[in-house]
Amino acid sequence: MMQSFQKPKPPLPLAMLTALGIVYGDLGTSPLYTMQTILQTTGGNVAPDTVLGVLSLIIWALLLTVSVKYGIFVMRADHNGEGGILALTSLVTGSRARTGSGMATGILLSCGLFGGALLYGDGILTPAISVLSAVEGVKVATPALDHLIMPIALGILVGLFTLQVFGTARIGAVFGPVMLLWFITIGGLGAVALIRHPAVLAAIDPRHGAHFLREHGWGSLAVLGGVFLSLTGAEALYADMGHVGRRPIRLAWYVIVLPALLLCYAGQSASLIGQKSLPANPFYGILPAAMSHWAIWPMVLLATAATIIASQAIITGVFSMTRQAIQLGWFPGLNIRQTSDKEYGQIYVPAVNWVMMLLTVGVTAGFGSSSGLAGAYGTAVSTTMLLTTVLLFSYLRRCAGWSLAAALPVAGLFLVIDFAFFSANLMKLLQGGWIPLLAGLLMFTVMSTWRRGIAALRAISGEGVLAPEKFLQQLADGGIPRVPGTVVFLTRIREPISPLMIAHVAQFGALQQHVVTLTVEFEETPRVAQDERITLNGYDGGLWHMVARYGFVEIPSLSAALSLAQSKGCPVVPQDALFVGGRDEVVRDRTRPRSRLPGWRRVLFGFMYRNAVHFVDRFDLPADHFVQTGRQVGL
């Protein structure tokens, strides 16, 4: 049967604790490297005016982008409770949105798809910079151990990816408490450090940030690229709404995370006042001098635990988006394992996991330090945030019913901010910023090619359909015997007689007494109500056509769907039926003057199609009752 992962909503405090562990790992560990990276772009200048200007920029970046843009506006655009850029794209381009031009819808679809593809680039760099920045605390504690930083970081990353096969159901329960301890610690230490120089609180005045930008001219773009690091992870507030809920995420931000981050950044700034040069890592400067000799090691361990949680969150996010993309028809079928029978988000995608591990380990060893990785980090996230704003404007106009006069100022403000950060991060292209963008572009190419290829296959399949009456007449004319049993044909088209059925009859010269053609569709909504799960139509001659619908976050079970059809009168016993699926070989159609797919896309699609997982793996079918019929399809 189809697994059900719907649980009663937990109490609000427990949901907030869960949000800390799932949503705020990346955003919450940004203080480990943000201030250090920004001040390095200024040449290590720690003059009071510089420190105040930088702190002011960080404060207002957090307030405007996270608190206002995401917390108030973007999180309104839920798709039946689900968030994330793919869900937002589905919302603004779906049937329930106010119609716009076909070109505009196509542009929005491309924006959302590319924004989703960029998550893969982010997923490569986030574990690398997070873990490495935490382990670099070893150098602050004992400079003689500097040579151990890279082996320790690589060991943690390899271990993290290797353990994904076991899931995080057991240890996930401690993520929230660990992150709560992290925020209490950095907020408390920041408050203590702030006592030394409370004058840095003047940075709440945005004029300090504006003055800093004016003074540095074009050089301020490099500073903004560093400031943006304080925002990485903000998109998780929206992406993880379906896992945690809007209210707990918002409350956790405003009550716990935002105060802790502001105090931590203010404490770092206070610890820099009076310094002659930039220390190795300003983050560890918030430790009081009297306890720094012994507290540094517990702090390094806590920071490492927090960055592992942050890395786990982005890995889980990549897995979840991969499954959504597969079910929405944007990605080839991959082997997906459910690692928990209680949480639908607890999944493991082996192919994605090992590719991410190799690339993450590669960039970690290649860049060698968190400051080096900071040059590559941010380009993918800033692009995603910019595209999210474009989609948000469309949501306000198409779905929320806002007038142009109301939507334009709101989206325009966020667009100016996002474009400033996007431009600043483009300066990092030669420093490694091209890596996540290239990864995103490659994934975008894969996803768009798969979509176009599947659409072409559907068009070809639709050319070979027959009316049920004509099909039955052909059976009679050809003397095709009807044998006992039930056969279920899996087809992509919504027709009772598919080319797959015709090919099966031609190959075997017989047909079972009871025949069901089954079409599986994934809707643009996260979940489909049970009473809307199937549509069933019966025809003469024991022919049935059934459409099974699932939401893009659901785990399909065709056995359960067929049992539902049986209860509605269809004479099918799932455990006794023979399932037949097609296995097409994509070749060039030499009969057409123009190919349905360009040559390189056809080759890429053919490779993906050959290596995509079988129906038996995707839809919980009994392997000993499954048959594939092969054919060549010209594109």
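Reader: What makes up the lining of the largest cavity, by class?

Author: In this predicted model, the lining of the largest cavity has 19 nonpolar, 12 polar and 6 charged residues. The lining has 37 residues, and Leu119, Glu235, Ala239, Asp240 and Gly317 lie nearest the centre of the cavity. Helix 15 gives the most to this lining, with 8 residues.

Reader: Why is this space called a cavity?

Author: A cavity is a set of points where a 1.4 Å probe fits but cannot get out. The search of the whole structure finds 3 cavities of 30 Å³ or more. About 560 Å³ of space lies in the largest cavity.

Reader: What is the volume of the second largest pocket, and which residues lie nearest its centre?

Author: The second largest pocket has a volume of about 940 Å³. Its lining has 41 residues, with Ile326, Gln327, Leu328, Gly329 and Arg458 nearest the centre. By class, that lining has 19 nonpolar, 13 polar and 9 charged residues.

Reader: Why is helix 9 called oblique to helix 14?

Author: The axes of helix 9 (residues 175-194) and helix 14 (residues 246-272) cross at roughly 40 degrees and come within 7 Å. Angles under 35 degrees count as roughly parallel and 65 to 115 as roughly perpendicular, so helix 9 is oblique to helix 14. The crossing is left-handed.

Reader: Which residues make the contact, and what classes do they belong to?

Author: Helix 9 contributes residues including Leu180, Phe183 and Ile186, and helix 14 contributes residues including Ile256, Val257 and Cys264. The contact has 14 nonpolar, 3 polar and no charged residues.

Notes
Residues numbered from 1 in each chain as written. Predicted model: local features only at pLDDT ≥ 70, side-chain atom pairs only at ≥ 80, totals over all residues. Heavy atoms only, no water. Axes fitted to C-alpha atoms, helices over the stretch in contact; angles between N-to-C directions. Helix = DSSP H or I, 4+ residues; strand = E, 2+ residues; numbered from the N terminus. Parallel < 35°, antiparallel > 145°, perpendicular 65-115°, else oblique. Left-handed = near helix turned anticlockwise from the far one by under 90°. Contact = heavy atoms within 4.5 Å. Nonpolar A, V, L, I, M, F, W, Y, C, P; charged D, E, K, R; others polar. 1 Å grid on protein atoms, 1.4 Å probe; cavity = no way out; pocket = protein on both sides within 12 Å on 5 of 7 lines; lining within 4 Å. Points joined across faces, edges and corners; volume = space filled by probe spheres on them.
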